Amino acid sequence: MSKNARKKPLAVLTALLAVSLLTAGCGGSNGNNKEAAGNTDSGTNNTAAATEGTATATAEPGIDTSKKVELQFYMLGDAPKDLPAIEAEVNKMAAEELNTTVKFNYTSWTDWDQKYKLLLSSGQAIDLIFTADWTQYASYAKRGAFLALDDLLPKAAPELQKFVPESMWEDVKVDGKIYTVPATYKEYVTNGFVWREDLRKKYNLPQPTDLASYEAYMDGIRQNEPDMMPASLNSDIGNNLHYIYTELNKMVGALPYGMGVKYESPTEVYSYWGSDEQKEELKVMKRWQEKGFIPKNVLNIKDTMQDPVTSGKAASMFGDNPTRFNDMVMKISTTHPEWELGYYPFGKTTGYATPVHPVHNGFAIPKSSKNPERALAFYEKLVLDKRYNQLTEYGIEGKNYTVEDGYYKLLGTSQTNGFTREGMNGWAWRNPEYMLFDKGFDGVKAIFDELDKIQKPDLFLGFAEDYSSYQAEKAALEQVEKQYLFPLEAGLVEDIDKGLETFMQKAKQAGLEKIQAEWTKQWNAYTAEKGIK
Amino acid sequence: MHIKDDHYTRLLQGLAYTVIILGSLACLIPFLLIISASLTSNDSIIRDGYHLIPAEFSLEGYKTVFTFPDEVLRAYGVTLFTTLTGTTLGLFFMTMAGYVLARKDFKYRNTFSFYIYFTTLFGGGLVPWYIMMTKYLHLTDSYGALILPGLMTPFLIILMKNFIRSAVPEELFESAKIDGAGDFKIYWRIVLQLSMPGIATVGLFLALTYWNDWFSSSLFINDTHKYQLQFHLYNVINSASFIANMGAGTGVSLGADLPTESTKMAMAIVVTGPILFLYPFIQRYFVKGLTIGAVKG
């Protein structure tokens, strides 16, 4: 008896262990099985519905809408307060035309990336989900999270297929298949110098047009306005100093792991870290640090980049994109109308500007969707039907906004109105033909027009890095960067050569060479596949 | 001898007081800083940094938090509801579990203890948990998602079991039985009465967990009306930092105003306030409940 009693827990333990190991080890394949099961399920549903549908006339040619469904729609960010009203309006139309209703779900910005991953990996039924380069569209597509749309498009959304230019469909392809419907609105999110024009005039300082003139401007501010920060900076050194510097130096995008690729010669990959080019950058930052442009405690500053400028604490920003520059102008126009902001896009310095790549905003149908056809047909409505489009972008006319002389006008303030412009975060289904802009946006349009003259395509955002083979090294390297590279990039290290040497040594220990070699291989494969020379 | 002893005692006392005073100051000052910052005008924070006494007094922060009182109040309501139901139900379940496991005449005592204990060592991880909650239990957007996961905490069950075992003598069960009490009556009339300190401790732990919970909201709630307070406020701040950091490369521009420094601090005060008042009422049980409960039997 006592023997038995002692054995029992042991048996339980081994059983439990076995179960836990099984579930842990096979989590991935389990998920796939479930997804596969879900698909066959929906397959049978569809055929069943189809046989039923032959009796009743279908409203939309191509797809069968006889069965009423509810689509699950997933967006990033926060829902606007008036969402229920908008949803009701949309559903009224959609129920009539497509025999479907839609539930709009929002992830909120808190841990959105984790939630996004869970939504896609848990296999719960989702019919439409936002995609973008910054939500790792290409890598999710590669891993089979989305449904290929190639065969579905002509059937469920032929108009949409015609509406999106062929070249865009081409650009969003991953391994030869389309997994997302790209947005066709063209915008630039490239950087440009932002500075206080009124102060520049007052002290007769040069206009920032390149690195040298920007430095001269900051010099002037330092001398004339000792209490002001010459530039607004925060602890995100990588994004707010380094990548802006490299953009000005015609580098391709924000490449990781110190990889260097020039826009003019995309097939020549080199290690930016350790190069003379990087030393030059570090020297500049060191000089800026000595001149007091970069605060000593920069790595501890958590302010937003814009706040210090709009509150008058800082006199410039190294770089920001036109849309956000415009936001600042609008903000200042109400709080400090006597101030003036200047903007000089980097495109004019480098000679080219790249509008956003089509993968920057899009919508995909996850593999787990039970109604992919209906989802696509609904999405077509959202983009191409003016009623759907303007309702979801701007809210209810007369309640949320009005149109005056062709300009969008928000009723009340952003605090009192339950649906601000693009309040549903509907960047992906913007339709340039139906878009309304508020008057302040004319400034951005002017900048865009200028950049249009020198535009060149951004060919590189379709690149999907597969870091599964060097995940551990990647994590180790990120630590090393934080510890050794950021202080260098903020100009906080006395001896640049020695600091860089230490950093390179630590980075190599973390596995830099392996990462760079593997990344280069993937990059070369990408440029070869897309025919980029 | 006597004088020397006194001298040492006094020295020790002096030392102890200094350490405690320094320690409590170290805990208090950041809190005071938050209170003061929440009452300072935002411009002054950006310009001069934080001060212990507001450089420019302003109620701006609180005004912003309560611009939409319905949102904050609704989130308050959700949190209150989940905290109350969660704590009540949780206490009931955990004292029951503790009582049953503490009874020596329960045959599968060890198996069950082990089963509970085992989950503290091995968990399925986030993804299986998420799948379980959303795909099988269909708890997305329901209060169940906020309450259920916290009801049975292995650590607290073990704490409860040990507390009951040391607070209620074995013989009491027997004598109660002889007097004709059933198992449930023993639980209700004897065990619960004798384990007040343990219940208070576990209850406070539970209430704190529910009050501070934001992760469940974050994972399972899409409907803004069911956001818990912590998550609602956390989300407001996060949206701001998202727009600030990610926006640069994405062109995301949201019309809404970002919360300022003073608003963030006001939020912190609004969130911590009520639970602070719970401490004094439970504190007297706290030390006893925790120490006795922690002795492993």
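How far apart are the end C-alpha atoms over residues 143-165 of chain B, and how much of that chain is helix? Figure 1 has the answer; as with every view here, it shows a predicted model.

Figure 1. Over residues 143-165 of chain B, the end C-alpha atoms sit 34 Å apart, and the chain is 74% helix and 0% strand. Residues 12-35 of chain B also have their end C-alpha atoms 34 Å apart, but here the chain is 100% helix, again with 0% strand.

**Figure 2. An open five-stranded sheet in chain A.** Reading across it, the strands go β2-β1-β3-β10-β4 (chain A), and the pairing is mixed. At the edges you'll find β2 (100-106) and β4 (181-182) of chain A; each has just a single partner strand, so one side of each goes without a neighbour in the sheet. Further in, β1 (residues 69-75) and β3 (residues 128-131) of chain A pair in the parallel sense, with two bridges between them. For Phe73(A), the bridge partner in β3(A) is Leu128(A). Packed on this sheet is helix α16 (residues 372-384) of chain A, which touches β1, β2, β3, β4 and β10 (362-364) of chain A. The direction of α16 makes about 60 degrees with that of β1(A).

**Figure 3. A three-stranded open sheet in chain A, with a helix lying across two of its strands.** The order this time is β8-β5-β9 (chain A), and the pairing is antiparallel. The edge places go to β8 (316-320) and β9 (341-345) of chain A, each with a single partner strand, so one side of each is left open, without a neighbour in the sheet. From one strand to the next, the twist averages 20 degrees. Three bridges link β5 (residues 192-196) of chain A with β8(A) in the antiparallel sense. Look for Trp195(A), which stands opposite Ser316(A) in β8(A). Helix α11 (residues 237-248) of chain A lies across β5 and β8 of chain A, and runs at about 65 degrees to β8(A).

**Figure 4. The hairpin of β11 and β12 in chain A.** Strands β11 (residues 401-404) and β12 (residues 407-410) of chain A run antiparallel and are joined by four bridges. Glu404(A) has Tyr407(A) as its bridge partner in β12(A). Two residues lie between the strands, and Asp405(A) takes a positive phi near 50 degrees.

**Figure 5. Where α3 meets α17 in chain A.** The axes of helix α3 (residues 83-98) and helix α17 (residues 386-394) of chain A come within 10 Å and cross at roughly 165 degrees. With over 145 degrees counting as roughly antiparallel, that is therefore how α3(A) and α17(A) lie to each other. Their crossing is left-handed. On the α3(A) side, the contact is made by Ile86(A), Glu89(A), Val90(A), Met93(A), Ala94(A) and Glu97(A); α17(A) brings Arg387(A), Tyr388(A), Leu391(A) and Thr392(A). Sorted by class, the contact of α3(A) with α17(A) has six nonpolar, one polar and three charged residues.

**Figure 6. The span annotated as DUF3502 in chain A.** An unreviewed UniProt entry places the feature "domain: DUF3502" at residues 460-527 of chain A. That span is 74% helix and 0% strand, and its end C-alpha atoms lie 8 Å apart.

How values were computed. Residues numbered from 1 in each chain as written. Chains lettered and ligands numbered in written order. Predicted model: local features only at pLDDT ≥ 70, side-chain atom pairs only at ≥ 80, totals over all residues. Heavy atoms only, no water. Pairing = 2+ DSSP bridges. Contact = heavy atoms within 4.5 Å. Axes fitted to C-alpha atoms, helices over the stretch in contact; angles between N-to-C directions. UniProt positions renumbered as here; feature names shortened; annotations may be inferred. Parallel < 35°, antiparallel > 145°, perpendicular 65-115°, else oblique. Left-handed = near helix turned anticlockwise from the far one by under 90°. Nonpolar A, V, L, I, M, F, W, Y, C, P; charged D, E, K, R; others polar.
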